[in-house]
Structures are given as structure tokens and as C-alpha cells.
Amino acid sequence: MNLLRKPFKYTFFNASLVIILINTGIHFLFQALGINRLFFGLNVIGIVYYHRFWQIFTYMFIHGDISHLFFNMLALLLFGSTIEKTLGSKEFLLLYFVIGVGSGLFSLGAYYLYGRFLIANGIQPWTFGISLIGASGAIYGLLFAYAVIFPRSIIYIWGLIPVPAPLMVLGYAVIEFVSQFVSSSNVAHMTHLAGFVFAWLYFIVRMGIHPVTIWKDAYRR
């Protein structure tokens, strides 16, 4: 456990901005060259049958359209850069990729297991063909991290409605949970929820901090 919690020496090199530039560059490069995004998206067929293990990482840098890219990168700029300045770039990168890879693997496992269930019941496993793309899992994890690091921070929804950061996380968690069962969109709500879970685990395992305790102490005063 001591090794897991060994801190990095504080350094800051604006890693969040670098990630934003890489995501943006890849999006427009792929668009200009007509590169198939799904080759780099995370899916059961690619991992299990073709051993495209790079998809575990590359899926986070691929976005479906400009709005998908814009809102993820905006959140990364607003929340990620603040977290990075507080924790340092190395800790921030570890946090970002642990959450991103973890939430991606969780979704991949869910797609695979449900696909096997469908096969066992004589149904075509449509989940095998689902490709997960985008940094949303990691971004939702950063929202959670922001609420833990700055528990008394107030976030203005649409620039108008003041909401305490922990309450915003709770609200998003409820929305994503409900949407997972009632929404028919292509949004990976399960991956967003997994981002929250892996951020929660990161603080407990890596930082030795329990988020609920932080929030209770912050609003007890």
C-alpha cells in the first residue's frame, strides 16, 4: 500500500492542454484523411478477436463529432487544468489514464458478458459490434475529482444556477444511472458512471482519502 501511495515530486507542464491539443489534432486529421475512427475505438471484436490492445488507450482520443470533442475538451480545460495545478502533472496524468482505461475496460467487459448472454440464448450478440469512443469516462472522473479536491466550490450550470460541486456530481450520477435504462441514444452512460466509480477508487486506494468523509467535513462547518 505504501508503494501505491508514494507521491510524485510536484511538477507542472500543462499536460491537460497537451491532451486537448492531441485530441483536437487527431479529430481533424482523421476527418481530413478519412481514417476509420472505429479501428481505434474500443470494441469486443477488436480486442478479443483481433488483439488490437491499443484500443484500450486510443479510444479516449477519438470523438464522433465536433460537439462531442468540444464539450469534452471544454470540461478538461475548466476542471482538468485546475486539478493538474493542484496535484501536479504526473499525478494528474495517472489519475486521468487510470480512470479512462478503467472505465473503458469496465464497459468492454459489460459488452462482452452481455454478448455472451445473448449468444447463449440464441440471439445475435450486437454488443460485440459497439465501439466506445471519446474521453467522456475520464472527463466524468475528473468532475468527481474536482468535487473531492474542491468540495466547497460552486459551479454555475449554464452560467446561471449555482450548484455545490458534490451536489453536481450526485445529480450527474442519478441522471446517468436513469439514462442507462431509459435512453435510446448512443451515449455511453455506463462508461460515465464507471468514470465516477474509478475516480472514487483512485482517491481511496491511491490518495487514502474517502470522498464522502471529505464532503461531510466540508459542510459540517
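This is a predicted model: local features need pLDDT of at least 70, side-chain atom pairs count only at pLDDT 80 or more; totals for chains, interfaces and linings use all residues.
1. The second largest pocket is lined by Phe144, Pro166, Val169, Leu170, Ala173, Leu193, Phe196, Val197, Trp200 and Trp215. Its space amounts to about 170 Å³. Helices α7 and α8 (189-205) are the elements that give two or more residues to this lining. By class, the lining of the second largest pocket holds 10 nonpolar residues, with no polar and no charged ones.

2. Across the protein chain the average pLDDT is 89, and 94% of the residues score at least 70. Helix α7 (residues 165-182) has the lowest confidence in the chain, at a mean of 74, whereas helix α3 (residues 55-58) has the highest, at 96. Helix α7 is also one of the elements that give two or more residues to the lining of the second largest pocket.

3. The packing of helix α1 against helix α4 is a separate point. Helix α1 (residues 15-33) and helix α4 (residues 66-87) meet at an angle of about 170°, and their axes lie 8 Å apart. Because of that angle, α1 is roughly antiparallel to α4. On the α1 side, the contact is made by Ala15, Ser16, Ile19, Ile20, Asn23, Thr24, His27 and Phe28. On the α4 side, the contributing residues are Ile66, Leu69, Met73, Leu76, Leu77, Gly80, Ser81 and Glu84.

4. Sorted by class, the contact of α1 with α4 comprises nine nonpolar, six polar and one charged residues.

5. The largest cavity has a volume of about 40 Å³. Its lining consists of Asn23, Ile26, His27, Phe30, Arg37, Phe61, Ile62 and His63. By class, four of these lining residues are nonpolar, three are polar and one is charged.

6. Two residues link the preceding points.

How values were computed
Residues are numbered from 1 along each chain as its sequence is written. Side-chain values use heavy atoms; hydrogens and water are left out. On a 1 Å grid over the protein atoms alone, a cavity is a set of points where a 1.4 Å probe fits but cannot get out, and a pocket is an open set with protein on both sides within 12 Å along at least five of seven lines; lining residues have an atom within 4 Å of a point. Grid points are joined across faces, edges and corners, and a volume is the space filled by probe spheres set on the points. Ala, Val, Leu, Ile, Met, Phe, Trp, Tyr, Cys and Pro count as nonpolar, Asp, Glu, Lys and Arg as charged, and the others, Gly among them, as polar. Axes are lines fitted to C-alpha atoms, for helices over the stretch in contact, and angles run from 0 to 180 degrees between N-to-C directions. Helices (H or I, at least four residues) and strands (E, at least two) are DSSP runs, numbered from the N terminus. Angles under 35 degrees count as roughly parallel, over 145 as roughly antiparallel, 65 to 115 as roughly perpendicular and the rest as oblique. Contact means heavy atoms within 4.5 Å. pLDDT is the predictor's confidence in each residue, from 0 to 100.
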